[in-house]
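Good morning, colleagues. Please look at the structure on the screen while I describe some of its charged residues.

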Amino acid sequence: MDNKSLGELIRKKRKEKQMTQGELASLLYVSTNAISKWELGKNSIDAENREKLAELLDIPHAMLFDEPPEISTPADPLTDTDTTGLPPPSPEIDESIPPEPAVLPVTITEKKTGRKMIPFILLAIGCILIAATFIVCSMRLKNRDSFSIQDEYFDVYEGESACYLIAEYNGELTTEILDKYARVIREKHVDYFNEVNTVVVLFYQDYSPNGIISSDTADAILVLNPVPF
């Protein structure tokens with residue numbers, strides 16, 4: 001809108017409000033001469049006074065600032081209803097395709113809980129390894145320095161009847177271990193001493209029934225009498 005048309009509009013609206021140029025000028029804090037020049041189209045009106053005129057004279061804002069008319073947004077065919085008033089049909093879903101499994105996000109709390117469990121898991125594994133090692137060592141110690149009677153027969157030893165015991169052993173045969181074996185034989189095989197005066201024990205680390213059994217082939221010989229030395 002040019003200055004002349006705008007001035008005529010202001011004059012028309014001012015008269016409709018039954019307001020003089022002086023009254024309008026006092027409300028706008030301008031001179032009466034300024035109002036006169038606006039209505040005659042001689043001077044242009046700044047933006048601030050146009051805002052005030054729009055409010056005082058009830059002039060549409062678009063007429064004072066030459067704003068273009070609003071353009072309506074076209075309807076969205078995917079969201080708005082059609083001419084029948086019914087919503088558009090839903091897209092078809094292929095039921096032959098199975099839905100993807102939902103993936104639950106791992107929260108920060110779950111991550112922290114998992115980290116806290118790591119020391120306890122490592123401690124449990126360590127305890128299991130220690131227990132297993134202890135059991136294996138105990139079995140080895142149990143089997144170490146032990147013997148078992150594999151066979152027996154009666155013969156003569158230094159001109160007297162004697163009972164010969166064939167023993168298979170594990171570990172070493174020291175004097176201390178042989179003394180230990182002697183006490184065990186006297187306790188567990190006391191019946192032999194009721195039949196003979198001497199019990200001869202032949203020790204073999206790898207005993208074979210088909211091998212040659214004699215005092216010369218034995219790894220050690222233990223001669224026991226009914227009464228301990």
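**Salt bridges and surface charge**

Glu-16 forms a salt bridge with Lys-13, their closest N and O atoms being 3.9 Å apart; the term denotes a side-chain nitrogen of Lys or Arg within 4 Å of a carboxyl oxygen of Asp or Glu. The model is predicted: local features need pLDDT of at least 70, side-chain atom pairs count only at pLDDT 80 or more, and totals for chains, interfaces and linings use all residues. Residues are numbered from 1 along each chain as its sequence is written, and side-chain values use heavy atoms, with hydrogens and water left out.

Because Glu-16 and Lys-13 are three residues apart in helix 1 (residues 3-16), about one helical turn separates them. Helices here are DSSP runs of H or I with at least four residues, and strands are runs of E with at least two, numbered from the N terminus. Glu-16 is exposed, at 51% relative accessibility. Buried means under 20% relative accessible area, exposed over 50%, and partly exposed in between, with a 1.4 Å probe and protein chains only.

Next, Glu-39 pairs with Arg-14 in a salt bridge, with the closest N and O atoms 2.6 Å apart. Glu-39 lies in helix 3 (residues 32-40) and Arg-14 in helix 1, so this pair ties together parts that are 25 residues apart in sequence. Glu-39 is buried at 4% relative accessibility, and Arg-14 is buried at 8%.

Which residue forms a salt bridge with Glu-48? The partner is Lys-52, with the closest N and O atoms 3.8 Å apart. Glu-48 is exposed at 52%, whereas Lys-52 is partly exposed at 27%. In total, the count comes to four salt bridges.
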